[in-house]
Amino acid sequence: MQISTSAFFRQNTDNIQELKTQTIKLQEEISTGKKVNIASDDPVAFSDLALLKARDARLTQYGRNIDVARQRLSLEESALNQATNIITRLHELSIQGANDTLTAADRKMMSTEVKGLSDSLYALANTADANGQPVFGGFQSNVAFEKTVDGAVVYKGDS
């Protein structure tokens, strides 16, 4: 079977065109660093990549959530440690205040300290995280505790 000159040239031209297309595709892969750039390159691999990207996004969000939880727990622990120290001091003052040998000036000074400690305890109860959310009030309110007109403290957080 003889091959005509035009058929020979057409076949070589087609081969050169195919090589040119492959070269362009390889250059694109090299420049982007990706083997699959669009879904038509490899539909199965593109689908797998989409799933992996979604999983990666979820894992990244889980990591951020863990960091936020750790920061919040650290803040809570610090506030609770400070509250423990304040309550311990209040207990000491209550025992000391039961002593009959104290003068009125001593009792007034102790009263002032108790008021200050009470205010500090109230401030700790309304500790907020980096987002301004109360640590001990849940997620439905801007403040965990409020003082009423008569000085009583009322919980305003969610259940």
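Guide: In this predicted model, Glu76 lies in helix 2, which comprises residues 43–97.

Visitor: Why is Glu76 called buried?

Guide: The term buried requires under 20% relative accessible area. Glu76 has 18% relative accessibility, and therefore counts as buried.

Visitor: Which residues does Glu76 touch, leaving aside those up to four places away in sequence?

Guide: Glu76 touches Val135 and Phe136, contact being heavy atoms within 4.5 Å.

Visitor: What makes Phe8 partly exposed?

Guide: Phe8, located in helix 1 (residues 5–32), has a relative accessible area of 45%. Partly exposed denotes values between the buried limit of 20% and the exposed limit of 50%, so the term applies to Phe8. Together with Ile3 and Phe9, Phe8 forms a nonpolar surface patch with about 340 Å² of accessible area.

Visitor: How do you know that the span of helix 3 agrees with its number of residues?

Guide: Helix 3 (residues 104–125) has 22 residues, and at 1.5 Å a residue it should span 32 Å. Its end C-alpha atoms are 31 Å apart, which agrees.

Visitor: Which residues of helix 3 are buried, and why are they said to be on the same side?

Guide: Met110, Leu117, Leu124 and Ala125 are the buried residues of helix 3. They cover an arc of only 90 degrees around the axis, and therefore lie on the same side of helix 3. Their cover includes helix 2 and strand 1 (145–147).

Visitor: What is exposed on the other side of helix 3?

Guide: Ala104, Ala105, Lys108, Met109 and Thr112 are exposed there.

Technical notes:
Residues are numbered from 1 along each chain as its sequence is written. This is a predicted model: local features need pLDDT of at least 70, side-chain atom pairs count only at pLDDT 80 or more; totals for chains, interfaces and linings use all residues. Side-chain values use heavy atoms; hydrogens and water are left out. Patches are made of residues with over 30% relative accessible area and no salt bridge: like charges are joined within 9 Å, nonpolar side chains (Val, Leu, Ile, Met, Phe, Trp, Tyr) within 5 Å. Accessible areas come from the Shrake-Rupley method with a 1.4 Å probe; for residues, only the protein chains shown count as cover. A salt bridge is a side-chain nitrogen of Lys or Arg within 4 Å of a carboxyl oxygen of Asp or Glu. Helices (H or I, at least four residues) and strands (E, at least two) are DSSP runs, numbered from the N terminus. Buried means under 20% relative accessible area, exposed over 50%, partly exposed in between (1.4 Å probe, protein chains only). The expected span of a helix is 1.5 Å times one less than its number of residues. The arc is that of the directions from the helix axis to the C-beta atoms.
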